[in-house]
Amino acid sequence: MTATGSTASERLLVVDDESAQMKALCHTLEQEGYQVSGYTSALQALEVVGRGERFDLLITDLMMPEMDGIALLKEVRARDDDLVGVVMTGHGSIGTAIDAMKAGALDYILKPFRLSTMLPVLDRALGVRRLRIENAELQRSVQRHAAELEVANKELEAFSYSVSHDLRAPLRAVTGFSQILLEDHAAELSEEARRHLDTVAGSAQRMEHLIADLLEFSRFSRQPLSKQPVSLSGLVEAVLAELRQAQPEREVQLKIGELPQCSADPSLLRQVYTNLLSNAFKFTGHSKPAQIEVGSRMEGNDLVCFVRDNGAGFDMKYAEKLFGVFQRMHRAEEFEGTGIGLSIVHRIVHRHGGRIWAEAESGKGAAFYFTLPK
Ligand SMILES: Nc1ncnc2c1ncn2[C@@H]1O[C@H](COP(=O)(O)OP(=O)(O)OP(=O)(O)O)[C@@H](O)[C@H]1O
Ligand SMILES: [Mg+2]
């Protein structure tokens, strides 16, 4: 925005200990359409401001007996920091005028004044004031929106939680009664009816899995973050031990590289590695030998962590989609799963202020990278 011309509503406070000069200036400015109050004493001016009278612009002489212009400007701005100040000075004391600008004055005008040079200075100062006020209002509105967004997010999370929760009860009835029909009334059902009922029971069970995963996603999204020093190597070892125990028959060649201390929420970070490593285990199911590498490196202020495997991989065309809820690249008959693991990882990494991405090639393996700010 550029400064517009003077408007009648703008209030100027003029302070100059030389009475004739002060009066002449007030008169000129009034003729220009400003509302002007003039004083020959800084203390008097302060008293008026102290009584709560508001001004937009202070025009003050620099050298005055009781209080100089710089001190006056500071005092006035301490009461109303939207107010802007312009100082008046003679040719001999431009140095002081510069000091005044360092102390918060926006500009200076040289005595004796020429209207044609003075008015643009005042106009500019008032323009700056308007910009400052608009800026502060904008900042308040951004903060307000952020707070509203936060509330909306919380509500959405609570909603998805309660919906998934409430969906479970009727679903259990579907599963339960299909089961009863299949077990206790099989003789009364035709072959075709039994097949249909099997499909109903199977679908209901699958939906139960989806809901359980959705609830888990919601739980990890809402759990408060508690950052502390974490030993990455200890954490990764623990997750690997768990995975090996769950599938003792799997033969996997592990390569563990640099895993330093970092700052993170330990239980959430553990979930990140559990999901990435269980994917690596799962998608190397058909690779002989299966190879998984875990490591990290520093890049600027970020610790870049990675989990790499030589498994099924995927087409990079869909790489961005993978981090969404229920997004899968492989058919359930080939590799089981519901597609929630990576969306939880994505959420946790983002909540730590990090980024996540993948590199892969169909049939050749995949690598997942995420950053943790140092
Ligand atoms: N290491 C990997 N190698 C190849 N594809 C992967 C790998 N990790 C993930 N993907 C692809 O990304 C999809 C989403 O992964 P995600 O972990 O979210 O789901 P999932 O493993 O299928 O199921 P869930 O984790 O919920 O049990 C996978 O279905 C798979 O297509
Ligand atoms: Mg997974």
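The model is predicted: local features require pLDDT of at least 70, side-chain atom pairs count only at pLDDT 80 or more, and totals for chains, interfaces and linings use all residues. Residues are numbered from 1 along each chain as its sequence is written, and chains are lettered from A and ligands numbered from 1 in the order in which they are written.

I begin with the strands. Helices (H or I, at least four residues) and strands (E, at least two) are DSSP runs, numbered from the N terminus. Strand S1, residues 11-15, pairs with strand S2, residues 35-39, in the parallel sense over 5 bridges; pairing requires that DSSP find at least two bridges. Between S1 and S2 the chain passes through helix H1, residues 19-31, in a right-handed β-α-β crossover, that is, clockwise from the first strand over the helix to the second with the strands pointing away from the viewer.

I turn to the helices. The axes of H5 (residues 115-184) and H6 (residues 191-222) come within 9 Å and cross at roughly 155°. Axes are lines fitted to C-alpha atoms, for helices over the stretch in contact, and angles run from 0 to 180 degrees between N-to-C directions. H5 and H6 are therefore roughly antiparallel, a term for angles over 145 degrees.

Finally, the ligand. Among the 23 residues around ligand 1, Phe-283, Met-329, Gly-337, Gly-341 and Leu-342 come nearest; a residue qualifies if its C-beta atom, placed from the backbone, lies within 6 Å. Helix H8 (266-283) gives this shell its largest share, 4 residues.

Key. Parallel < 35°, antiparallel > 145°, perpendicular 65-115°, else oblique.
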